[in-house]
Amino acid sequence: PLHSLIVLVTAAMKAIGVPEIAGYLRGELGREAAIARAIVATRQYAKRQRTWLRARMGEWPRRGPESA
């Protein structure tokens, strides 16, 4: 149904890099600007993941390269 398609498209538009690609395809962003913004969005997401993980796994033992 149409509702399912709208939900799917809305969810896909939230994926990292998709809004930047869409802006590029609509002519709102240049290629380099879209790439730069996608890189920033990726780094921001990675930082949020690290922060989330650190907050929940703070008591877990750490393993560094020397302990592998």
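1. A residue is called exposed when its relative accessible area is over 50%, buried when that area is under 20%, and partly exposed in between. These cut-offs are used in the points below. The structure is a predicted model.

2. Overall fold. The protein chain holds three helices and zero strands, and along the sequence the pattern reads α-α-α. Its radius of gyration is 18 Å, well over the 11 Å that the globule rule gives for 68 residues, so the chain is more spread out than a compact globule. The C-alpha trace spans about 50 × 35 × 20 Å along its principal axes.

3. Surface and burial. Of the 68 residues in the protein chain, 12% are buried. The accessible surface comes to about 6100 Å², and carbon and sulfur atoms account for 64% of that surface.

4. L2, L5, I6, L8, V9 and M13 make a nonpolar surface patch of about 580 Å². Helix 1 covers residues 2–12 and helix 2 covers 18–25, with M13 in the loop between them. M13 counts as partly exposed because its relative accessibility is 36%, a value that lies between the 20% and 50% cut-offs.

5. The loop between helix 2 and helix 3. G30 sits in this loop. Its relative accessibility is 40%, so G30 counts as partly exposed. G30 and E20 are ten residues apart in sequence, and their C-alpha atoms lie 9.7 Å apart in space.

6. Helix 3. This helix runs over residues 31–56, which is 26 residues; at 1.5 Å a residue it should span 38 Å, and its end C-alpha atoms are 38 Å apart, which agrees. The buried residues of helix 3 are A34, A38 and A41. These buried residues pack against helix 2. An α-helix has 3.6 residues a turn, so residues three or four places apart point the same way.

7. Salt bridges. The count comes to two. Side chains of opposite charge can pair when their charged atoms come close.

8. The side chains of R31 and E32 meet in a salt bridge at 3.1 Å, N to O. R31 has a relative accessible area of 51% and is exposed, and E32 counts as exposed at 54% relative accessibility.

Methods:
Residues numbered from 1 in each chain as written. Predicted model: local features only at pLDDT ≥ 70, side-chain atom pairs only at ≥ 80, totals over all residues. Heavy atoms only, no water. Patch = residues over 30% accessible without salt bridge, like charges linked within 9 Å, V, L, I, M, F, W, Y side chains within 5 Å. Areas by Shrake-Rupley, 256 points an atom, 1.4 Å probe, with all protein chains shown as cover. Salt bridge = Lys/Arg side-chain N within 4 Å of Asp/Glu carboxyl O. Helix = DSSP H or I, 4+ residues; strand = E, 2+ residues; numbered from the N terminus. Buried < 20%, exposed > 50% of the residue type's maximum accessible area, 1.4 Å probe, protein only. Expected span 1.5 Å × (residues − 1). Contact = heavy atoms within 4.5 Å. Rg over C-alpha atoms; globule rule 2.2 N^0.38 Å.
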